[in-house]
Amino acid sequence: ENHNLINKTVQDVMDYQQAYRQKYKGRTGAAGAYQIMPGTFPGIISRMKLDPKTSIYNQQMQDRMAYDLLKYRGLEGYLQGKTPLSKIRVNIGKEWAGLPAVGSKSYYHGRGGNRANVSEKQYLDALRKIKQLYDSSKQYAAQ
């Protein structure tokens, strides 16, 4: 079932997820571009200090929420060199089941049909590239 959630409020999305999960037992109800799980919304709302009744679940909001989740999972520590690649890949993999957190397997491999849907090389290359861009932007800013 495809339901257009863009431009609904965050509360509308959470209400939809609850109804979806009741209708389709065993389905997650993950929503939006980043497939945010129902149980994840309260933490995001709290950390971002959002009002779910007035915050609109548009692309910009979904991007902000994804960034919040990356920060929550420790991205800034990785960028600053405090968290090793081996740890950040698992931390982020705990948020997105389609990423290969442990070897080529998803952190949630086999649970509810979860599996990594990108290669380990693609994922690690992307994490390395993000760190490289971060490091070069800091060097540029310091000049």
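Of the 143 residues of the protein, 36% count as buried. The structure is a predicted model. Six helices and two strands make up its secondary structure, and along the sequence these elements follow the pattern α-α-α-α-α-β-β-α. Taken along the principal axes, the box filled by the C-alpha atoms has dimensions of roughly 50 × 35 × 20 Å.

Empty space was examined next. Rolling a probe the size of a water molecule over the atoms shows where empty space is left. The largest pocket holds about 930 Å³ of space. Its lining comprises 32 residues, of which Thr28, Ala30, Gln35, Met37 and Asn114 are the closest to the centre of the pocket. Among the contributing elements, helix H1 (10–23) and helix H3 each supply at least two residues of this lining. By residue class, the lining of the largest pocket divides into eleven nonpolar, 13 polar and eight charged residues.

Aromatic contacts were then considered. A pair of aromatic rings is described by the distance of the centres and the angle of the planes. The search of the whole structure returns four aromatic pairs. In one of them, Tyr20 and Tyr24 are tilted, with 4.8 Å from centre to centre and 45° between the planes. Tyr20 is buried, because its relative accessible area of 13% falls under 20%. Tyr24, at a relative accessible area of 26%, is partly exposed. The pair of Phe41 and Tyr57 is also tilted, with a centre-to-centre distance of 5.8 Å and an angle of 55° between the planes. Phe41 belongs to helix H2 and Tyr57 to the loop between H2 and H3, so this pair ties together parts that are 16 residues apart in sequence. Phe41 is buried, with a relative accessible area of 0%, and Tyr57 is buried as well, with a value of 1%. Apart from ring pairs, the charged end of Arg47 sits over the ring of Tyr72, at 4.1 Å from the ring centre.

The loop between helix H2 (41–48) and helix H3 (59–72) contains Asp51. Asp51 counts as partly exposed, because its relative accessibility of 38% lies between the limits of 20% and 50%. The side chain of Asp51 reaches the backbone nitrogen of Lys53 at 2.9 Å. The C-alpha atom of Asp51 is separated by 8.5 Å from that of Gln11, a residue 40 positions away along the chain. The loop between H2 and H3 is also the place of Lys49.

Backbone torsions were inspected for residues with positive phi. Most residues other than glycine have a negative phi, and most peptide bonds are trans. Lys49 has a positive phi of about 55° although it is not a glycine. Its relative accessible area is 72%, and Lys49 is therefore exposed, the limit for this class being over 50%. A positive phi, of about 70°, is likewise found for Asn7, which is not a glycine. Asn7 lies in the segment before H1 and counts as exposed at 53% relative accessibility.

Two buried residues in helices complete the description. Arg89 has its place in helix H5 (residues 85–93). With a relative accessible area of 9%, Arg89 is buried. The side chain of Arg89 is joined to that of Glu120 by a polar contact of 3.0 Å. Leu69 is found in helix H3 and is buried, with a relative accessible area of 2%. The C-alpha atoms of Leu69 and Lys23 are separated by 27 Å, the two residues being 46 apart along the chain.

Methods
Residues numbered from 1 in each chain as written. Predicted model: local features only at pLDDT ≥ 70, side-chain atom pairs only at ≥ 80, totals over all residues. Heavy atoms only, no water. Helix = DSSP H or I, 4+ residues; strand = E, 2+ residues; numbered from the N terminus. Buried < 20%, exposed > 50% of the residue type's maximum accessible area, 1.4 Å probe, protein only. Polar contact = N/O pair within 3.5 Å; in protein donor to acceptor, adjacent residues only side chain to side chain. 1 Å grid on protein atoms, 1.4 Å probe; cavity = no way out; pocket = protein on both sides within 12 Å on 5 of 7 lines; lining within 4 Å. Points joined across faces, edges and corners; volume = space filled by probe spheres on them. Nonpolar A, V, L, I, M, F, W, Y, C, P; charged D, E, K, R; others polar. Phe/Tyr/Trp six-rings, centres within 6.5 Å; stacked < 30°, edge-to-face > 60°. Lys NZ or Arg CZ within 6 Å of the ring centre and 35° of its normal.
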